[in-house]
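I opened my notebook to go through this structure step by step. These entries record what I looked up, in the order I took it.

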Amino acid sequence: MNEPIIELKGLTKSYGSVRAVDQLDLTIYKGEIFGLLGPNGAGKTTSILMMLGLTEPTAGTAYVCGKNATRNPIAVKKKVGYLPDNVGFYDSMTALENLSFIARLNGHAPLDAEKKAISMLEQVGLSNDIHKKTGAYSRGMKQRLGLADVLIKDPEVVILDEPTLGIDPSGVSEFLALIKQLSRQQGLTVLLSSHHLQQVQRVCDRVGIFVGGKLLVEGNIDTLARNLLNKEGYTTSVSLQEVYQDTQLFESALYHLEGVRTVAVRGDVIETVCDRDMTPEIVRTLVNNGADIVAVHKKDYALDDIYEKYFENNKTENYTHEKSDRLFGKSLFRKRKSNV
Amino acid sequence: MKNPIGYLGNRFLGKEKATSEKKIEPMAPINVLINKEVAAHIRSWRFIVLIVLVVLTFVASLYVSSGNLRSAFGNPQDPDKSFLYLKLLTTTDNSIPPFHVFLNFLAPLLGIALGFDAVNAEQNGGTLTRLMAQPIYRDNLLFAKFAGPMILVSTLFTSLVLLMLGGGLISTGVRIEPQEVIRIAGFVVISLIYVGFWLSLSIFLSIKFRQSATSALTAIGIWLFFTVFFPIVINLIVRSFLPNPNYISEQEFLKYNELILNMLRLSPSQLYTDATTTLLSPSVRSLGPITMEQMIGAIPAPLSFRDSLMIVWPQVSGLTAATVVCFALSYFVFMRREVRS
């Protein structure tokens, strides 16, 4: 389980002055499902392309299955199945023809390829539409066909770029269950990129949050939540029975406790942020000071909050980036105009 | 043996069974790709339209030439009159041009139509990324894009020409000279190189431009430029510095004439016209002007195939070079290109 299968070291890709991927270090182990999370334009697809040798990194190395993806992409592509974010098929060919074409490209003899394609189509649940032209396939069916297309080469690693984009909710859960099942059955390593948190949360062993070309954190979801709690502080909110006129008393009492960072009173709710989990002490102090408590709520962090928190930190930064881009665009335009 | 297809099919399957024990060799990726290209083109409406177009012009020009064959064959002034099958390809009563002139227009159309969306359609359809994620070399894909249409076009031309030869044999009963066969084969080869030039140019444009409409339009623009505007432009340029022909010596006049011709030969269609005309009319001795001194003592007689080929060798190598340059350019652009949909 702890054998690294994808190793990225200092991977960087610049487009002109813009850094799409910045010093990415990432190790993914054999047999795990790793979720690469990030907003649009964070550099997820670029990183994936570099892992497959489809684009050259500006700096750094990408090793997949022990092979250098930049220098030896063919060896990597033999072992890695890649499902691009908007996968396309030859519309004038049937699903079976599309699949057996890919199988033949991967070194299967023609008859063999057809048999293999049929069994793959059955595996992803498309056995009724084998001879249908892919032009008539729905988005969800195409995604399943894409999965069959990835699995037909018996890969060791499967890379799925936004696999759930544009499928309806029930289709998404079916699709993810299929991925999870296949990964467990065949010991596949899966790298999943997405900006949908809930979905990723459901299937991934580990996630990495990727914003502005940088991997901010990686680890399993519990670890991430704990990290965030340590950073943001533990929040306890206490609801009182009525709105007290004199809340100064409670506030000063709470501030006397060691480890309390901030206390905020909003109507009948007192919210406290502390360095560690101090819920019992807070409650005791308040009771001793004569407050009537009706509810105590300790805030937990879900992936959503984690994600939002990290995005928020970067939003301001991104905004300035965008602005400078626009300025750049404008000046370019002006330049072109003057040339004319 | 009642059903020949079934019989053949059984034979085929039987053979498969026998070899399957030895383990069937998988096809090389390049062959898989070429197979797919050919199959996709054959099934497409585009190719059917092109075939209809080519066959129609071929039949029309053949009809006109066979109507005028008797007079051309009996013309004592013509040193080529004994080459019946070459006459069949070149004779016309000026109502419509002969086939090789038609092909001067049709070949670019064939090349452009079969190549203008070679790469960008795959890219826009999202199939290019999927294809590039397979263990194949990128140049294999490019070569398949070139070889697939070339196989189709060469089959089309060869079968048309063979049909013409067969039809001619049946209707006239005249024996075909070996030299004619070689010349007609040479004509087919040069036409293929010409189609190849436009095909590789349009493949290059299809890599360069993301929209297939843009690349088609650009390719047609280049074609129009060379067939319509290029001679006009050359004319304008030369006229601006050409002295009055009345005041210069004959030598100088010839020199200017040669210059104009050489500039016209920058256009691939001019090269093609030169090459096919020379190959199909054995009596053509020179593509430039000939002085009276050179003509004195010359007997108007057909040249041998080798001599005709010598005359057009620069044209043929020029066309081949242009094709190779276009292909190399597309290779250069495509090899290190980032592939994303």
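**Entry 1: the four-stranded sheet**

In what order do the four strands of the open sheet in chain A stand? I read the order as 2-1-4-5, with antiparallel pairing. I keep in mind that this is a predicted model.

Then I took the pairs. Strand 1 and strand 4 of chain A run antiparallel and share five bridges. Strand 4, residues 59-64, is joined to strand 5 of chain A by two bridges, also antiparallel.

I followed A:Y63 through the sheet. A:E7 stands opposite A:Y63. In strand 5 of chain A, A:N68 stands opposite A:Y63. I also noted that A:V64 has A:K67 of strand 5 as its bridge partner.

What lies between strand 4 and strand 5 of chain A? Two residues do, and the two strands form a hairpin. A:C65 sits in the turn with a positive phi of about 55°.

I then checked what crosses this sheet. Helix 1 of chain A, residues 44-51, lies across strand 1 (4-15), strand 2 and strand 4. The helix runs at about 120° to strand 1 of chain A.

**Entry 2: the six-stranded sheet**

I turned to another open sheet in chain A. Its six strands come in the order 6-7-8-3-9-10, and the pairing is mixed.

I picked out one parallel pair. Strand 7 (residues 157-161) and strand 8 (residues 189-194) of chain A are joined by five bridges. Within this pair, A:V157 has A:T189 as its bridge partner.

Helix 1 of chain A turns up here too. Helix 1 packs on this sheet and touches strand 3 (33-37), strand 6, strand 7, strand 8 and strand 9 (206-211) of chain A. Its direction makes about 150° with that of strand 8 of chain A. I also noted helix 5 of chain A, residues 139-151, which lies across strand 6 and strand 7. Helix 5 runs at about 165° to strand 6 of chain A.

**Entry 3: where chain A meets chain B**

How many residues of chain A are in contact with chain B? I found 36 residues of chain A in contact with 31 residues of chain B. The two chains bury about 2,800 Å² between them, and 58% of it is on carbon and sulfur atoms. A:L54, A:Y90 and A:L105 supply 23% of the area that chain A buries against chain B, more than any other three residues.

I looked for charged pairs next. Two salt bridges cross the interface of chain A and chain B. I noted the one between the side chains of A:E97 and B:R43, at 3.3 Å, N to O. For polar contacts, the count between chain A and chain B is ten residue pairs.

Which elements of chain A give two or more residues to the side that touches chain B? They are strand 1, helix 1, helix 2 (73-79), strand 6 (80-83), helix 3 (95-105) and helix 4 (110-123) of chain A. Helix 3 of chain A brings the largest share, six residues.

**Entry 4: confidence**

Chain A has a mean of 82, and 89% of its residues reach 70 or more. Over residues 318-340 of chain A the pLDDT is below 50, and this stretch has two contacts beyond near neighbours in sequence.

Chain B averages 84, with 91% of the residues scoring at least 70. Where is confidence lowest in chain B? It is lowest in helix 1 (residues 4-20) of chain B, at a mean of 44. Helix 10 of chain B, residues 178-208, is highest at 93. Over residues 1-21 of chain B, pLDDT stays under 50. Where pLDDT is low, the predicted coordinates should not be read in detail.

Notes:
Residues are numbered from 1 along each chain as its sequence is written. Chains are lettered from A and ligands numbered from 1 in the order in which they are written. This is a predicted model: local features need pLDDT of at least 70, side-chain atom pairs count only at pLDDT 80 or more; totals for chains, interfaces and linings use all residues. Side-chain values use heavy atoms; hydrogens and water are left out. Two strands pair if DSSP finds at least two bridges between them. Contact means heavy atoms within 4.5 Å. Axes are lines fitted to C-alpha atoms, for helices over the stretch in contact, and angles run from 0 to 180 degrees between N-to-C directions. pLDDT is the predictor's confidence in each residue, from 0 to 100. Buried area is the accessible area (1.4 Å probe) that two parts lose on being put together, summed over both. A salt bridge is a side-chain nitrogen of Lys or Arg within 4 Å of a carboxyl oxygen of Asp or Glu. A polar contact is a pair of N or O atoms within 3.5 Å; within protein, one must be able to donate a hydrogen and the other to accept it, and residues adjacent in sequence count only if both atoms are side-chain atoms.
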